[in-house]
Amino acid sequence: MERMMEPTLSDIDDMIVHEKMQAALEHQNEAWADGMADGIEPEIIADAAIALAMRETIRLRGEDGAEAMLVAVRERMLAGEFSPPRSLQ
């Protein structure tokens, strides 16, 4: 009988980060919906969210850390991670 492999500490850490990311996205979605309900244009909500994220990242990691985050986000964007799914017809 084959034993199932136990998750490693790295696997557990990855799962925790994934769950935290999902919770953070839910909070962001709620804030976005609240802003839209208040009549704030999506471009303004997006700009405010990015500005807040940058201020907090610079506060926590400094300008070099913020720049590294921007480079990583740019690479993810260019790889299509944030693009809406396309349906082939």
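Modeller: Gladly; here are the labels, one by one, with their values and cut-offs.

Modeller: This is a predicted model, in which local features need pLDDT of at least 70, side-chain atom pairs count only at pLDDT 80 or more, and totals for chains, interfaces and linings use all residues. Residues are numbered from 1 along each chain as its sequence is written, and side-chain values use heavy atoms, with hydrogens and water left out.

Biologist: Thanks! How do you know that the span of α1 agrees with its number of residues?

Modeller: The expected span of a helix is 1.5 Å times one less than its number of residues. For the 29 residues of α1 that gives 42 Å, and the end C-alpha atoms are 42 Å apart, so the two agree. Helices here are DSSP runs (H or I, at least four residues), numbered from the N terminus.

Biologist: And what makes α2 fall short of a straight helix?

Modeller: Helix α2, residues 42-78, has 37 residues, and a straight helix would reach 54 Å, but its end C-alpha atoms are only 21 Å apart. There is also a bend of about 120° at R61, the bend being the angle between axes fitted to the seven residues ending there and the seven starting there.

Biologist: Why are α1 and α2 called oblique to each other?

Modeller: They pack at an angle of about 140°, with their axes 10 Å apart. Angles under 35 degrees count as roughly parallel, over 145 as roughly antiparallel, 65 to 115 as roughly perpendicular and the rest as oblique. The pair α1 and α2 is therefore oblique. The contact (heavy atoms within 4.5 Å) is made by W32, G35 and M36 of α1 and P42, I45 and A46 of α2.

Biologist: Why is I45 called buried?

Modeller: Buried means under 20% relative accessible area, exposed over 50%, and partly exposed in between, with a 1.4 Å probe and protein chains only. I45 has 13%, so I45 is buried. Leaving aside neighbours within four places in sequence, I45 is in contact with W32, G35, M36 and I40.

Biologist: What makes D38 exposed?

Modeller: D38 has a relative accessible area of 63%, so D38 counts as exposed. D38 lies in the loop between α1 and α2. Just after α1, G39 takes a positive phi of about 85°, and α2 is followed by G80, whose phi is positive too, near 90°.

Terms used: Helix = DSSP H or I, 4+ residues; strand = E, 2+ residues; numbered from the N terminus. Axes fitted to C-alpha atoms, helices over the stretch in contact; angles between N-to-C directions.
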